[in-house]
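Subject: Structure for your files

Hello,

Here is the structure I said I would pass on.

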Amino acid sequence: MSRRTKLLIAGGAVVFVGLSLLLARYLSTENRERDAVYALLRDQARGDARGMLSRLDGCDARCRASVEADARRLARPGEVKILAYNSSTAYALGSATGPTRVAWTIIGRQLPVVQCVEVERTGSVLTGRGINLRRLSAPIDRQGSC
């Protein structure tokens, strides 16, 4: 094998590994967003308004009052199970902000709850991705949209 061929193969391998790392970083953003929303809902189900507020960026007085009321009203024992998750920021290449509709329940406890979470994605695959949760709505109609 010639030196030139070896260099081409090595260059191709470096490009492949670089693209694979960028793709993995891009796809992991979906999991990070879902994990952040899950943690917010888990705090809500525990009745932990302080924990919820620590996860919400830029929550004003009206938002805080809503969070505290929802934490009291929706507190219930058990493990949160996400039934449906529809994100309007899913697979965004750059920065994006939009609602995520999430239906969740505690198995064996009451009917499912449907809420909207305003999600902000910052950055890019190259510069690093950030996930910020801005607002959590009060429960909406089970068939409602955000």
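The notes below cover the fold, then the salt bridges.

This is a predicted model, in which local features need pLDDT of at least 70, side-chain atom pairs count only at pLDDT 80 or more, and totals for chains, interfaces and linings use all residues. Residues are numbered from 1 along each chain as its sequence is written, and side-chain values use heavy atoms, with hydrogens and water left out.

The C-alpha trace spans about 70 × 35 × 25 Å along its principal axes.

There are nine salt bridges (a side-chain nitrogen of Lys or Arg within 4 Å of a carboxyl oxygen of Asp or Glu). One of them joins Arg55 to Asp43, with the closest N and O atoms 2.6 Å apart. Arg55 is in helix α2 (residues 49-55) and Asp43 in helix α1 (residues 3-45), so the pair ties together parts 12 residues apart in sequence. Asp43 is buried at 2% relative accessible area, while Arg55 is partly exposed at 32% (buried is under 20%, exposed over 50%, partly exposed in between; 1.4 Å probe, protein chains only). Asp43 and Arg55 also belong to a salt-bridge network with Arg46 and Asp48.

Within helix α3 (residues 61-73), Asp70 and Arg73 are three residues apart, about one turn, and form a salt bridge at 2.5 Å, N to O. Asp70 is buried at 2%; Arg73 is exposed at 51%.

Regards

Technical notes: Helix = DSSP H or I, 4+ residues; strand = E, 2+ residues; numbered from the N terminus.
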